[in-house]
Amino acid sequence: MPELNLTSAPAHLRHGSSIGQPMTRRDGVLKVRGQATYAADNHPPGMLFAVMAVSSIAHGRVTSLDVAAAKRHPGVIDVMTPDHKPQLAIDPEIKTNPFVFRMEVLQSDEVRYANQPIAVVIAETLEAATEGAVLLAPRYEMLPALVGLDAGESFVPPVVGVGNPAEIHRGDVEAGLAAADKQIDAIYETPPQYHNAMEPHAIVAHWDGDKLQIDMPTQGLMLSLGRVAELFGIAPDKIHIRSPFLGGGFGSKGLMAGPPVLGIMAAKLVGKPVKLVLRREQMYGPVGHRAPTRQRLRIGADADGRLTALDHHARTVSSTFDDFYEPAADASHTLYAAPAIRTSHDAVRVNTGTPLFMRAPGEATGSIALESAIDEMAWACGMDPLAFRLKNYAEVEPITGKPFSSKALRACYDQGAARFGWAKRSLQPRQMRDDAGLLVGWGMGTATFPALMFQAEARAAIRGDGTGAMEIGAHDMGQGAWTALAQIAADAVGLDIDRITFKAGTSDLPDAGIAGGSAHTATAGAAIHSAGAAVIAKLADLATNDERSPLFGAGNAGVIARDGRLIRRDDQSRSESYTEILARAGVAEVEARGTGAPNPAAMEEYAMHAHGAVFAEVKVDPELGQIRVTRMVGAFAAGRIVNPHLVKSQLFGGMIWGMSFALHEEAVTDRRSGRVMNANLGEYHIPVNADVPPLDVVTVEEHDPHVNALGIKGVGEIGITGSAGAVANAVWHATGVRVRRFPIRIEELLKGL
Amino acid sequence: MKQFDYVRPATVAEAVAAAAQPGATYLAAGTNLLDLMKGNVSRPDRLVDVTHLDGLDRIERLADGALRIGALVSNAALAHDAEFAKSYPAIAEALLSGASAQLRNVATVGGNLLQRTRCAYFYDTASRCNKREAGSGCDARDGENRAHAVLGWSESCIATHPSDFCVPLVALDAIVEIEGKNGRREIPLDELHRLPGNTPGRESALEPGDLIVAVRLPAAARGFAAHARYLKVRERTSYAFAIVSAAAALRIENGKIAEARLALGGVAAKPWRARAAEDILKGVAPTADVFQEAAWRALSDAKPSGDNAYKIELARRIVVRTLTLAAAGTPARIPALPASPFASTSGAIHA
């Protein structure tokens, strides 16, 4: 891979700092010219094509594969099966750490879900491999499939999400409900949803002796590296992963899934580079998805509209062979000041791939149910939904009682409502119509997502020619890491962004942590910030200890770095350029490392969350029931905004996904076979351009001194939360029909129209 | 994918001869066929590419006032032909409400008529499907079938025909011109598609080798231009098949409906002409009551084939609405969101 030629549009405003500037993405020109190299764009010499054959049954055993027929097909080189494959160093069923999930890499003939890989055909062309996979004509011994939220005996999982308790409470919920003047008891259902990033999972694997070169989109270079090393029994330093661009990750590319491992195995089997790309329908199984939920909310409020209790129970599913539980009910922990809160989960096991992380896992599913129920309670209390939310505004985190590190939600409500014109909303539903007679409804939802951080390291350098370098194995999933992290890097070393070399996206760079949990900018940014400070400190040592320097005697704390110069803090007329300092010292380059990590003391003391308020307008045909979102306003407070332009795009994307959650997305699963029947982008509906209304995003200023040194909270996932509920609530306000099954289907609405 | 022969005949006669062989199928734009082949649903031995045949991409006004549309005219070219859109506005609106701009640019008139159902069980080769494999059974019948047929279905098959274009075409008495082994013949579009009965695999009246070369709109079809609409209820604003759609065309004289045409889409294995409802509308004033009565008559034979009883009520409502819109008059411009209930939304960007 040649050096990336990252550029940005020339006319950016500068006010002495790169952070805060709305720079366009520096990889944009590469992308529009088709020059950005995605994993599947790599074609090393001699490369072969691998195609997975996947199971059409959801449960049972493969009893035969016609390998001979596949191998007879012209161009087919080999067929990898449970009986013919390279041995792995460890059993893939062993969970070596909590971030290892079981995968199907042909370890047996057992079938645990539909679309599970059961063989891999390797051929000279994609077409030959594809036909080879068909010619395998698998036969099965079929067992009944477990499908749906009532598939079997339910149980309480040991933990939900990542290590959260399945049940948690504060205060006496039953007493609170008993004392309530008004009660809501409602059940909401959300469907299974599958990852449909533009770029499906793909890998080009190339063994060179005992070395392994991998091109693969990943949100976690080091986690992937570690997993590959462990599975193949090779030292991590023999593996090189390149992942400069992802065509979307959304949680599906965070942990090593089975299919890329199969690509590496196939390359080993045939001794040549191999490319394996998932077909769209093959995304519906082995690479994680959002589990369905059925959520019951019981809410009590007193005569003044103050919550007395909030009880949120979520039923979800996991696979028959591993454990991940969508922590939907946990969405009720932080937003509303009920004196008694209980959240609980139970689950059943079904024949699917293990559900995993999908943009705002738990928060998205939980938010649409919670925001719907809050809206129902506001109506029951005869209150405006915003007034009701303000009345129950949480001044401290309700579930823990901790103060918030910062919380500008009130400003989000104010600014969002003002931009939307919320004050003109009718309290009663089905009161508003447009000129064409369409029903008009306005709804809102509160958005929230935790401000997380992982661990990262970065390496910074300042060179004799006055330029800088920053290296970190960060991940650009399309969110703009190439740009936002470089902005942080530029400020960290006191140089203009065009004067630094920013390297990211490969596994030989310092560990940037996983790009997930909306934490990448905060985590990698903190490491970059710290590495920059460390390298400036070294440079300052050279200058302030040298009596020939105008900075002599200023001490480390006494200089600031700006525009390639160190400047005395107390006397800004005295300064010296990096070039001069290094030249005099006879040093070609100074280098330092820095780390970013969460601060346990601050986490102990404060609840840390981003917040927002989303307002939506929908129109509904009063007889035909078709729905269209016509306007959305989102106001978000997420700490420091590194790049307002990119942040806006992230929030737009989240809001559109929220709308999609309310109105479109659903994997239709055949209740007998367990197969997803709409595993393609034609039938698995996500919004198209004509569905996306004018979106208005406001970022509300918020200074947070506790989350991390840069005050960044993250914006990757929060946009879905609040938005889905806002759209659902707007549909109710337009029609007076409360649909509690998502996505809202026309037939549900027609019943009440 | 499966290896197949690809032939590119120079003339229609050569095409017919090549396609009459067992295992052969015509290839036009391939917007449906190639997906079917990639999904292993269709496994032809031979593709007969007709896209290079001369003379099939013209729109011609005939001496008798009819319009002849070559089978290779693209959906986009036809819809954007100003004269066509003015004369047959409901057809143009239907075309523009289908698929996406990219697909419309390549999809052809002939191919649109012969597109296959979107029943998921037809596409899922692990499911039983009488249409795909005669006598294997129908997994849609007790499956996920909320979008399936409510008219003309059988125990063998409950699939629907997904075309938008065919709905106003069948309402306007379109005629299909076919070249076959025994020369040229023509049949009404209404007789092209077959209801499933016990042989759902036999989807049309076409014989092996038959090539649709043109669709003809008789002169009378122009008489409805002032009152013709197509309306489509779908689950997103664009790029979705109809749950139910309707085409209504009225000839109004002296405040009364001299002649009415009505057809439904998304309800049956063929575009569904509602002649009994048309009879009710003939000679009466266009009122809400009479539209209601027509709607009831249009759906009088409807019955759910699964979780789709709502489609019957929805179809009644869409009939009333489409007739109401048609009576109000064809808009001067095709709406920015063609055939959408949100057509009148101000500021809409073209879908």
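Let's start at A:Val707. Leaving out residues up to four places away in sequence, A:Val707 touches A:Ser405, A:Ala451, A:Met453, A:Met608, A:Ile712 and A:Lys713. Keep in mind that this is a predicted model. Where does A:Val707 sit? Its place is the loop between strand S31 (695-699) and H15 of chain A. Is A:Val707 buried or exposed? A:Val707 has a relative accessible area of 6%, so it is buried. A:Val707 and A:Met603 are 104 residues apart along the chain, and their C-alpha atoms are separated by 8.0 Å.

Now the helices. Take H14(A) with helix H15 (residues 723-735) of chain A. Their axes come within 7 Å and cross at roughly 50 degrees. H14(A) and H15(A) are therefore oblique to each other. The crossing of these two, H14(A) and H15(A), is right-handed. Who makes the contact? From H14(A) come A:Met655, A:Gly658, A:Met659, A:Phe661, A:Ala662 and A:Leu663. From H15(A) come A:Ser723, A:Ala724, A:Val727, A:Ala728 and A:Val731. Sort the residues of this contact and you get nine nonpolar, two polar and no charged.

Next pair: helix H10 (residues 481-492) and helix H11 (residues 520-544), both of chain A. Their axes come within 8 Å, with a crossing of roughly 20 degrees. An angle under 35 degrees counts as roughly parallel, so H10(A) is roughly parallel to H11(A). The crossing of H10(A) and H11(A) is right-handed. H10(A) brings A:Leu485, A:Ile488, A:Ala489 and A:Ala492 to the contact. H11(A) brings several residues, among them A:Thr521, A:Gly525, A:His529 and A:Ile536. The residues in the contact of H10(A) with H11(A) come out as eight nonpolar, four polar and no charged.

Stay on H11(A). It also meets helix H12 (residues 578-585) of chain A, with axes that come within 9 Å and cross at roughly 60 degrees. H11(A) and H12(A) are therefore oblique. Which hand, left or right? H11(A) passes H12(A) in a left-handed crossing. On the H11(A) side we have A:Ile536, A:Leu539, A:Leu542 and A:Ala543. They meet A:Tyr578, A:Ile581, A:Leu582 and A:Ala585 in H12(A). The residues of that contact are eight nonpolar, no polar and no charged.

On to aromatic rings. How many aromatic pairs does the structure hold over all chains? The count is 19. We describe a pair of rings by the distance of the centres and the angle of the planes. Look at A:Phe250 and A:Trp657. Their ring centres are 5.1 Å apart and the planes are at 75 degrees, so this pair is edge-to-face. A:Phe250 is in the loop between strand S14 (239-242) and helix H6 (258-270) of chain A, while A:Trp657 is in helix H14 (residues 644-663) of chain A, so the pair ties together parts that are 407 residues apart in sequence. A:Phe250 is partly exposed, at 31% relative accessible area. A:Trp657 is buried, at 13%.

Over in chain B, B:Phe84 and B:Tyr88 form a tilted pair, 5.2 Å centre to centre with 40 degrees between the planes. B:Phe84 is buried at 2% relative accessibility. B:Tyr88 is buried too, with a relative accessible area of 2%. Back in chain A, there is an aromatic cluster made of A:Tyr38, A:Phe245, A:Trp482 and A:Phe502.

Last topic: the backbone. Most residues other than glycine have a negative phi, and most peptide bonds are trans. Now for some departures. Phi of A:Arg430 is positive, near 60 degrees. A:Arg430 lies in the loop between helix H9 (409-420) and strand S20 (432-433) of chain A. A:Arg430 is partly exposed, with a relative accessible area of 33%. B:Tyr239 has a positive phi as well, near 55 degrees. Find B:Tyr239 in the loop between S9 and strand S10 (244-253) of chain B. At 31% relative accessibility, B:Tyr239 is partly exposed. Finally, the peptide bond from A:Phe742 to A:Pro743 is cis, with omega near 0 degrees. A:Pro743 belongs to the loop between H15 and helix H16 (746-750) of chain A.

That's my tour. Thank you.

Note on methods
Residues are numbered from 1 along each chain as its sequence is written. Chains are lettered from A and ligands numbered from 1 in the order in which they are written. This is a predicted model: local features need pLDDT of at least 70, side-chain atom pairs count only at pLDDT 80 or more; totals for chains, interfaces and linings use all residues. Side-chain values use heavy atoms; hydrogens and water are left out. Axes are lines fitted to C-alpha atoms, for helices over the stretch in contact, and angles run from 0 to 180 degrees between N-to-C directions. Helices (H or I, at least four residues) and strands (E, at least two) are DSSP runs, numbered from the N terminus. Angles under 35 degrees count as roughly parallel, over 145 as roughly antiparallel, 65 to 115 as roughly perpendicular and the rest as oblique. A crossing is left-handed if the near helix is turned anticlockwise from the far one by less than a right angle, and right-handed if clockwise. Contact means heavy atoms within 4.5 Å. Ala, Val, Leu, Ile, Met, Phe, Trp, Tyr, Cys and Pro count as nonpolar, Asp, Glu, Lys and Arg as charged, and the others, Gly among them, as polar. Rings of Phe, Tyr and Trp (its six-membered ring) pair if their centres lie within 6.5 Å; planes under 30 degrees apart count as stacked, over 60 as edge-to-face and the rest as tilted. Buried means under 20% relative accessible area, exposed over 50%, partly exposed in between (1.4 Å probe, protein chains only).
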